[in-house]
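Look at the structure first, then read on.

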Amino acid sequence: MINLAPASEDHELARQAERCRELGSPFVGAVLDAADRQLGKAPLTAGMVREWPGDRAAAAVALRLNGALHALARRGAPKSLAALYRGEHTDFDDAVAEAFAAEDRFIANWMRHPTQTNEVARAAATMAALMATPLTRLMPFELLELGASCGLNLNLARYAYELGPLQAGDLGSPVRIAPRWRGWPPPDRPVEIATARGVDLLPLNAANQAHRDRLLSFVWADQPVRLQRLEAALQIAVENPPRIDQGDAPAWLAQRLAEPPVLGRCRAVVHTMVLQYLSPVERQQVSALMASAGARATDETPLIWISFEWTSDRQEVELRLTWWPSGASAVLARCHPYGDWIDWLGPIAT
């Protein structure tokens, strides 16, 4: 079990380093440990880390800093940092100290914006939830994604999946997602996506090289499979651009749910690791909007809500499905934060 309680004011980076190691990234753990020791070399960055308003774990402050360092390394400077990421030496402290001294302002500016991993592996959980949705009959889904980032998961029907023994999706896709699976597989039901649309405060464009570089920088440097999968998904998004609006999630959701539903289609509101970036008021607004729209749902215009988020105590990630018109809700799975494994609990759609 990973302890994700809010850290104290001191050594936030070292605490997050340990969590990264627990999540399978010893390299990022070593980078953040070095950053914790060398933070005094970067006064602007140090001020942001130590004086961050609110819960720094929820805001992923350490991962913002890690993304900035990875972005610098990918650009090839400072030289010691780039060499560290290429595996040419293991002097983490020297490389990070040099980067802090030379690029303090760049790192601090980078950290003003939230992480945007747009982790494609999480699409397996969404696909499994769609397969498990209890509908009175099979019908196409209309995806509405909150916090869509680059919109890569709006293209989930274009990816291939191995969900335990079950294969799903486009089996010829260059993006193959095969989480370590525990439990029964989801129901073997076809999933058709009629439309897919998302919203983000700062949407990224797969065709924009700077946006691509930003996403790639948030991938942990010692996880090449994630990097390769992201690059393949970005190429699919260039060829099949997802529809993403810029805006505030609650206001956008209110507009979408106010539109007349299409008979014989199921609206599916989806978000993965987004609620932590919304204020308590915004989270309440989303819940109220879903409940109100759910009260209007029928068997011919059903509504579902797929949530892939930390539990309130930040101890684990739950995949939760709520469906209307019944209003029932169930935890379908417990998941790795980046989708590496899925512990499937059900229920089985009938």
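## Cavities and pockets

The second largest cavity has a volume of about 50 Å³. This is a predicted model, in which local features need pLDDT of at least 70 and side-chain atom pairs count only at pLDDT 80 or more, while totals for chains, interfaces and linings use all residues. Residues are numbered from 1 along each chain as its sequence is written, and side-chain values use heavy atoms, with hydrogens and water left out.

Some terms come next. On a 1 Å grid over the protein atoms alone, a cavity is a set of points where a 1.4 Å probe fits but cannot get out. A pocket is an open set with protein on both sides within 12 Å along at least five of seven lines. Lining residues have an atom within 4 Å of a point. Grid points are joined across faces, edges and corners, and a volume is the space filled by probe spheres set on the points.

The second largest cavity is lined by L130, M131, T133, L135, L138, M139, F141, R189, P190 and V191. The whole structure holds 3 cavities of 30 Å³ or more. The largest cavity has about 60 Å³ of space. Its lining consists of T126, L143, L144, E145, N153, L154, L156, V270 and T272. Strand 1 gives the largest share, 3 residues. Helices (H or I, at least four residues) and strands (E, at least two) are DSSP runs, numbered from the N terminus.

Now the pockets. The lining of the largest pocket has 46 residues, and T115, M273, V274, Q276 and Y277 lie nearest its centre. Helix 1 (12-22), helix 4, strand 1, strand 6 (193-200) and helix 10 (249-258) each give two or more residues to this lining. Helix 1 gives the most, with 3 residues.

The second largest pocket is lined by 23 residues; nearest its centre are L275, R283, E309, W310 and S312. Helix 11 (280-296), strand 9 (303-310) and strand 10 (317-324) each give two or more residues to that lining. Helix 11 supplies the largest share, 5 residues.

The table lists volumes and lining classes. Ala, Val, Leu, Ile, Met, Phe, Trp, Tyr, Cys and Pro count as nonpolar, Asp, Glu, Lys and Arg as charged, and the others, Gly among them, as polar.

| Space | Volume | Lining residues by class |
|---|---|---|
| Largest pocket | about 910 Å³ | 25 nonpolar, 11 polar, 10 charged |
| Second largest pocket | about 530 Å³ | 8 nonpolar, 9 polar, 6 charged |
| Largest cavity | about 60 Å³ | 5 nonpolar, 3 polar, 1 charged |
| Second largest cavity | about 50 Å³ | 8 nonpolar, 1 polar, 1 charged |

## Helix 4

Helix 4 (residues 61-75) has 15 residues. From first C-alpha to last, helix 4 reaches 22 Å, close to the 21 Å expected at 1.5 Å a residue. The expected span is 1.5 Å times one less than the number of residues. Buried means under 20% relative accessible area (1.4 Å probe, protein chains only). G76 follows helix 4 and has a positive phi, near 95°.

## Cysteines

How many disulfides are there? The count comes to 0, where a disulfide is a pair of cysteine sulfur atoms within 2.5 Å. For C20, the nearest cysteine sulfur, that of C335, is 19 Å away. C20 is buried, with a relative accessible area of 3%. C150 is buried too, at 2%.

Key:
Buried < 20%, exposed > 50% of the residue type's maximum accessible area, 1.4 Å probe, protein only.
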